[in-house]
Amino acid sequence: TVLIEARQAIATMNTLDYRSVDKGVKAWSQVTTGTLRDQLDGVSADDRTLLAEQKKISTGRVVDAAVIDVDDGTATVIAAVEVTVRDAAKPDSEPTVKRNRFSADLVKTGGRWKLESLQQVAVSLS
């Protein structure tokens, strides 16, 4: 269960459509808890306007993920994520694909696993 919910939450956190920024930020808030949720709840109207003005549509997809640690109420998951970004300001341009790795700490709250932290993991090429 933790892996399924973590995959969904991490994809959600990497997805946003400039045409519905409020809906996207609400979706982020719904899959988070603790300090991370508090930070997302604090996204200002100016920040939301800036996100909308950038005219980007990002879609996150978890390519692979694994549970590193789990107990009754907490878990740690690592995930490889592809984010496809479309620029609506340049509709003829090809979408860009970004590949990232994340480490996520989750807490079970209200019967669901929610993200308490989500950090990008650096990729070492050496």
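Good morning. In this model, β4 and β5 run antiparallel and are joined by 9 bridges; two strands are said to pair if DSSP finds at least two bridges between them. Helices (H or I, at least four residues) and strands (E, at least two) are DSSP runs, numbered from the N terminus.

The model is predicted, so to speak of it one needs thresholds: local features need pLDDT of at least 70 and side-chain atom pairs count only at pLDDT 80 or more, while totals for chains, interfaces and linings use all residues. Residues are numbered from 1 along each chain as its sequence is written, and side-chain values use heavy atoms, with hydrogens and water left out.

Let me return to the hairpin of β4 and β5. It has 2 residues between the strands, and glycine 110 takes a positive phi near 60° there. Threonine 109 stands opposite arginine 112 in β5.

These strands belong to an open sheet of 5 strands, in the order β1-β2-β3-β4-β5, with antiparallel pairing. At the edges are β1 (16–17) and β5 (112–121), each of which pairs on one side only. Elsewhere in the sheet, 13 bridges join β2 to β3, and these two strands run antiparallel. As one example, serine 58 has valine 85 in β3 as its bridge partner. As a general point, side chains in a regular strand alternate between the two faces of the sheet.

I turn next to the helical part. Threonine 12 lies in helix α1 (residues 2–13). Leaving aside residues up to four places away in sequence, threonine 12 touches Ala27, Trp28 and Val31, where contact means heavy atoms within 4.5 Å. The C-alpha atoms of threonine 12 and aspartate 105 are separated by 15 Å, and these residues are 93 apart along the chain.

In the loop between α4 (45–53) and β2 we find lysine 55. Lysine 55 has a positive phi of about 55° although it is not a glycine. Is lysine 55 buried, partly exposed or exposed? Lysine 55 counts as partly exposed because its relative accessibility is 36%; buried means under 20% relative accessible area, exposed over 50%, and partly exposed in between (1.4 Å probe, protein chains only).

Now the largest pocket, with a volume of about 310 Å³. Of the 14 residues that line this pocket, Asn14, Leu16, Ser58, Val83 and Val85 are the closest to its centre. The elements giving two or more residues to the lining are β2 (56–70), β3 (74–87) and β4 (96–109); the largest share, 3 residues, comes from β2. On a 1 Å grid over the protein atoms alone, a pocket is an open set of points where a 1.4 Å probe fits, with protein on both sides within 12 Å along at least five of seven lines, and lining residues have an atom within 4 Å of a point. Grid points are joined across faces, edges and corners, and a volume is the space filled by probe spheres set on the points.

Finally, the chain as a whole. Its C-alpha trace spans about 45 × 40 × 25 Å along the principal axes. Buried residues make up 37% of the 126 residues. Of the contacts with a separation of 6 or more, 53% are between residues 24 or more positions apart. Thank you.
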